Amino acid sequence: MTSQDNSSKMNETIRLLHERASLRSYDDRAIEPEVMSAILEAGMHAPTGGNLQPYSIIQINKPETLEKLGEMCEQKFIGTAPVNLVFCLDLRRNRRLAEIGVAPYTAQHSFRHFWVAFQDTLIAAQNICTAADALGLGSCYVATILEHIEEICRMCRLPEGVFPIVLLTLGYPKTKPTIRKKFSTDIMVHKETYKDIPDDVLYSAYIEREDNKQLILNEDRLEKIKRVCQRTHGEDYAEKCEEAIKKAGYINPVQNRFGLHYKADEMPQGNLDFLAQLENQGFDWFKEWVPRSD
């Protein structure tokens, strides 16, 4: 193979990565078995710490289950995709291997194992996402399964030691998805050490990225964002935010994102519930581990 061939392949891969966009409009066309197999195999070749491959993928094809997932996550497009993949962190498989091979095993009690396995699971998901793009399909990550962990565990019959991380929808596009703007490397990449971007540069970059989408100001929205500010930072900050909004005459993209969309007062709620759900699935790395006495 010549260097020119290598360059051509590299450029095609780079193009796929640069043009990747979340697909939420799927064609009725089924994914051919050989195509699905090639996509999944790409996931199997993702790098993992110690080559442990601490994840499992639940492939969902049944229309009734797809529709149920869409209703559960309040995103109907999920049910229109021919395939949904639930990526799960899986420490059960290696525990079974340890039992079979008569070896000690404590991964479910170890934050180190959990942290690396979490990364490994998402890397495998991204390999599959890129493979799908390369074969003319599209995909969309759905993180809202986090709000329905117990239901997902029941639906997929996830045993102890297996925990759902993210959902990925797959299918052929009905329409080409819009490529969203991203921060440039000037904002995202730090040379040698972390450096805060100047306020004006950072804010301008965000406004440009979001096409300066200004949300029309009305009393209902103002009251909602004031309530969020009060609950998170107190009355003085709520007044400061209200004053800034009235002075501008609109709700800016940052205020919309963290005050009305990902509401700052709601996002931290349920932390202990999530830990309890982890514990229900057999993970207790957030507790002190006590080795058995001799």
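Start with two strands: select residues 83-90, strand β2, and residues 162-171, strand β4. The two run antiparallel and are joined by 8 bridges. Strands here are DSSP runs of E with at least two residues, helices are DSSP runs of H or I with at least four residues, and both are numbered from the N terminus. Two strands count as paired if DSSP finds at least two bridges between them.

This is a predicted model, in which local features need pLDDT of at least 70 and side-chain atom pairs count only at pLDDT 80 or more, while totals for chains, interfaces and linings use all residues. Residues are numbered from 1 along each chain as its sequence is written, and side-chain values use heavy atoms, with hydrogens and water left out.

**The sheet**

Stay with the pair and pick single residues. L85 stands opposite L168 in β4, and the bridge partner of V83 in β4 is L170.

Is β4 enclosed or open to the outside? Of its 10 residues, 10 are buried, so β4 is largely enclosed by the rest of the structure. Buried means under 20% relative accessible area, exposed means over 50%, and partly exposed lies in between (1.4 Å probe, protein chains only).

β3 and β4 pair in the antiparallel sense over 5 bridges. Look for G138, whose bridge partner in β4 is G171.

Now show the sheet as a whole. It is an open sheet of 4 strands in the order β1-β2-β4-β3, with antiparallel pairing. β1 (55-60) and β3 (138-142) stand at the edges with a single partner strand each, so one side of each has no neighbour in the sheet. From one strand to the next, the twist averages 25°. Axes are lines fitted to C-alpha atoms, for helices over the stretch in contact, and angles run from 0 to 180 degrees between N-to-C directions.

**Helix α2**

Select residues 33-44. This is helix α2, with 12 residues; from its first C-alpha to its last it reaches 17 Å, close to the 16 Å expected at 1.5 Å a residue. The expected span is 1.5 Å times one less than the number of residues.

Which residues of α2 are buried? They are V35, M36, I39 and G43. These cover an arc of only 100° around the axis, which puts them on the same side of α2. The arc is that of the directions from the helix axis to the C-beta atoms. An α-helix has 3.6 residues a turn, so residues three or four places apart point the same way.

On the other side of α2, P33 and E34 are exposed. The buried residues of α2 are covered by elements including β1, β2, α6 (111-134) and β4.

Move on to N51, in the loop between α2 and β1. N51 is not a glycine, yet it has a positive phi of about 55°. With a relative accessible area of 60%, N51 is exposed.

Select residues 63-72, helix α3, and colour T65, L66, L69, G70 and M72, its buried residues. Seen down the axis of α3, they fall within an arc of 165°, so they line one face of the helix. P63, E64 and E71 are exposed on the other side of α3. Among the elements that cover the buried residues of α3 are β1, α4 (77-80), β2, α7 (149-155) and β4.

Then go to C73, in the loop between α3 and α4. C73 counts as buried, at 6% relative accessibility. Leaving out residues up to four places away in sequence, C73 touches I78, V142, T144, I145 and H148; contact means heavy atoms within 4.5 Å. Draw a distance from C73 to E147: their C-alpha atoms are separated by 8.1 Å, and the two residues are 74 apart along the chain.

E74 also lies in the loop between α3 and α4. Is E74 buried or exposed? E74 is exposed, with a relative accessible area of 71%. Its phi is near 55°, a positive value in a residue other than glycine.

**Last stop: Q277**

Select residues 271-280, helix α13, and find Q277 in it. At 15% relative accessibility, Q277 counts as buried. Q277 touches I149, E150 and F163, not counting residues up to four places away in sequence.
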